[in-house]
Each structure stands twice: as C-alpha cells, then as structure tokens.
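Here is a short walk through a predicted model. Have the structure open and follow along.

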Amino acid sequence: MSEIPVDLTYTKEHEYLKKTSEEAIYQLGITDFAQGELGDVVFVELPEAGTTLEPMEPFGTIEAVKAVSDLYCPVRGDVVEVNAALVDDPSLVNSDPYGDGWMIRVRVADEGALSGLLDGAGYAAHIGEG
Amino acid sequence: MTADESTSLVPVAVRTREPGPLGLRWTARVESACSGAKNMARDHASALELQAGGAALRLYRWDVPTLSLGRNEPALGRYDPDLLRRLGVAVVRRPSGGRAVLHWRELTYSIALPASVLGPRAAYRWINEMLASALASLGVPVEIASRAGRARLPEAGPCFRGSAPGEVVARGRKLVGSAQVKIRRVILQHGSILLGNDQALLQRLGATAGGVAPATLSELLDRPLAKHELEVALLGVFKATAVRGAPSQAIERELELRYRSDAWTWRC
C-alpha cells in the first residue's frame with residue numbers, strides 16, 4: 001500500500017500539494033504511489049523560481065527507468081523555490097516523496113481553486129487503494 | 001532484410017474488430033520509412049489521438065541512418081552536428097527517456113495505451129513480453145532480463161550498451177531497446193528491434209566506448225528473415241487484422257516542426 005497523508009491535496013495526475021506555514025505557499029511533489037509506479041528516478045527537470053505556472057500546463061519532467069512524465073501544477077501560481085537537491089540526487093523523490101523529495105514551492109493565486117482537487121480518501125480511491 | 005527494403009512497405013493501418021490484449025481495441029499501422037522528425041511526430045500524435053478504450057501500434061523504419069537521443073540525454077559537446085552530416089547520419093531527439101540509439105538495420109515499434117490500464121513499469125514489462133512472444137514465434141531465443149539494478153542515468157552512454165530489468169535480451173545481450181513517455185494519460189513506448197548491428201557507429205559519432213555488443217536477429221536466426229515476417233509476427237501477438245488508414249495530418253505537421261527544430265534536438 002502507498003503512503004497517502006490525509007492532510008494533503010492531490011491531483012489525478014499523482015502530484016500532491018502540501019500547505020506550508022507561509023500564506024498561500026504550497027509544496028508540490030509526486031506521490032508515493034507515483035514514485036513507486038515510475039521506479040528509480042534518474043532525472044528531474046524543474047522551472048526556475050519566479051516562473052508563473054498555469055493550471056495543468058506541464059511545468060517540468062521526471063525521468064525514471066527510461067520513462068519520462070510531465071509534471072503538472074493544478075492551479076495558477078508563481079514558483080517561489082525549487083528543490084535544487086534533486087539535481088544532484090533525484091532519487092530523493094523515491095526515498096522521501098513528501099519530504100526531501102519535494103519539487104517546487106508555489107504561491108497559489110487562488111486557494112479556492114484547490115477545492116476541486118482530491119483529498120487523501122479521494123486519491124486513495126482514484127488509485128484503487130481506497 | 002535490409003533497411004533499403006523497407007521503402008517498399010505500403011502504409012497500412014490495422015484495426016481489431018473485437019477487444020484485443022488488455023481488453024483494448026488495437027489499431028496498428030505498418031509504415032514506409034520516414035525521417036526521424038516525422039516518425040517522432042507520428043508516435044507523439046498516436047498518443048494524443050488515442051481513443052478511449054483503444055491502443056495504437058506503429059511499426060516503422062527510418063529513411064536514412066538516424067541517431068535518436070533520449071529526452072534528457074546530453075548531446076551538446078558529445079555529438080558534432082557537422083560530423084553527423086558528413087557521415088550521412090540524421091539526428092532527432094525523442095519525447096521519451098533513455099539513451100542514444102542508431103536506427104538503420106532495425107524495425108522500430110511504438111505502442112500507445114491508456115495509463116489507466118497499466119502503470120509505466122507494468123506497461124514496460126508487458127510490452128516487452130509481447131515483443132518477446134512475437135520474436136519467439138520466429139524462433140529467436142529471447143528472454144526477459146531479470147537482473148536487479150538501478151536504472152542508468154541519461155548521460156550513461158548508448159542504449160544498447162547494456163540491458164535493464166524487463167528488457168528483451170537474447171543470449172545475455174540486448175536485442176530490443178525501448179523507452180517511454182507519458183503524454184497526458186497515455187503511455188507511449190517505442191523501441192528498436194535490431195536486425196543488424198549498427199550501434200558501433202555511435203562511438204565514431206561521439207558516444208563513449210565500452211559495454212557489450214547487442215544481439216541482432218541476423219545473427220540469432222539460422223535462416224534469412226522473410227520480407228515483412230517480423231511485422232506479421234508483431235501484428236499477430238496483438239491480434240490485429242490489416243486495413244488501410246491515415247494518421248491526422250494537422251497534429252502531425254505541428255509536432256514535426258518541433259522534432260525537426262535544433263532548439264529541441266540540441267536542447268541539452
């Protein structure tokens with residue numbers, strides 16, 4: 001069974017958003033289920049801080065076991081920080097997807113837009129682990 | 001079969017009437033040799049255009065010897081565009097991951113299927129098992145590599161230098177090199193089934209030396225491979241019957257521009 005923290009918000013494309021202590025700033029990464037499906041992550045391509053993300057437009061890519069997947073942010077927002085540690089050690093996505101394997105921190109333009117996303121139970125049902 | 005013979009292939013589409021493997025309706029195209037940019041555009045388009053409950057198979061070749069690079073594989077400073085031109089080798093960057101392949105005496109397959117049916121790793125293994133089944137039907141002594149180990153980095157050298165778990169090998173050497181990309185909710189996997197060994201040319205083009213030579217069908221079979229025999233075997237395992245058809249021209253043209261551009265090919 002995959003780890004699915006109940007206090008996070010999820011997309012059907014297997015990203016999670018985790019609220020930080022700063023107002024409207026969310027940490028984004030891929031879920032434990034997603035990293036398990038992908039296998040060993042060997043490369044992560046992320047945007048620069050300051051980039052404005054549009055809903056469900058690809059903002060980066062992740063490569064594992066010769067498989068490349070786009071990364072999506074479900075809502076509009078500005079990238080305020082990028083996890084530079086992933087450049088040297090992309091395997092952090094596998095070992096700690098909700099912690100050291102985070103990808104970007106985003107200032108979400110409209111937090112109300114997050115209400116259309118999945119909660120933990122909804123995501124568990126989406127991946128068949130509900 | 002030589003790469004030259006591929007030019008006589010007639011573009012054909014294949015569609016199953018009943019659900020095929022994985023409960024999906026399989027559409028297949030056997031195509032004549034095209035440029036790298038067109039081949040990548042058609043693969044990409046097949047993923048974008050995939051119908052609900054459907055899966056798409058393409059079998060194709062390349063009009064000139066072509067170096068294909070993985071999506072994130074470093075090429076700047078490693079491969080010299082002038083040298084490639086002088087040697088008559090075209091270059092294209094794939095949408096998928098993995099590492100460099102020299103396409104010439106080979107058959108390339110691509111498969112697009114819904115990500116909801118199989119995850120990336122499961123799809124990788126399942127497709128390779130289907131390919132192995134088709135190759136075994138021709139008498140090729142294939143197996144699926146089971147060696148445990150971590151995936152190689154994009155900069156780790158050419159694709160056929162070594163095998164990864166789940167890949168199709170013969171007598172311990174890689175016979176089919178494959179890579180994947182997830183496009184929206186579709187998994188696109190494509191790969192090269194070697195008829196002859198042109199991979200050594202990669203070193204002359206700039207790839208690092210070393211590794212084990214790949215297996216090839218010409219060496220593994222103790223008889224000549226009849227024209228289109230491999231294509232027929234592959235279509236057979238997906239339970240497809242031949243009909244004519246054509247891919248979407250508008251999407252393909254737009255994607256071809258991207259795959260033809262230096263900005264994409266030499267992006268890293």
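The largest pocket has a volume of about 530 Å³. A pocket here is an open set of points on a 1 Å grid over the protein atoms alone, where a 1.4 Å probe fits, with protein on both sides within 12 Å along at least five of seven lines. Its volume is the space filled by probe spheres set on the points. The lining counts 27 residues, each with an atom within 4 Å of a point. Lys12(A), Glu13(A), His14(A), Ala115(B) and Lys182(B) lie nearest the centre. By class, 14 lining residues are nonpolar, five polar and eight charged.

The rule asks for a side-chain nitrogen of Lys or Arg within 4 Å of a carboxyl oxygen of Asp or Glu. It finds three such bridges across the interface of chain B and chain A. There, 27 residues of chain B contact 21 of chain A, with heavy atoms within 4.5 Å.

Now turn to the sheet. Six strands of chain A form an open antiparallel sheet, in the order 1-2-3-9-8-5. Strands are DSSP runs (E, at least two residues), as helices are (H or I, at least four); two strands pair at two bridges or more. Strand 1 (9-10) and strand 5 (52-53) are the edges. Two bridges join strand 1 to strand 2 (residues 15-19), where Leu17(A) stands opposite Thr9(A).

Residues are numbered from 1 along each chain as written, chains are lettered from A and ligands numbered from 1 in written order. Local features need pLDDT of at least 70 and side-chain atom pairs 80 or more, while totals for chains, interfaces and linings use all residues; side-chain values use heavy atoms, without hydrogens or water.

Note on methods: Ala, Val, Leu, Ile, Met, Phe, Trp, Tyr, Cys and Pro count as nonpolar, Asp, Glu, Lys and Arg as charged, and the others, Gly among them, as polar.
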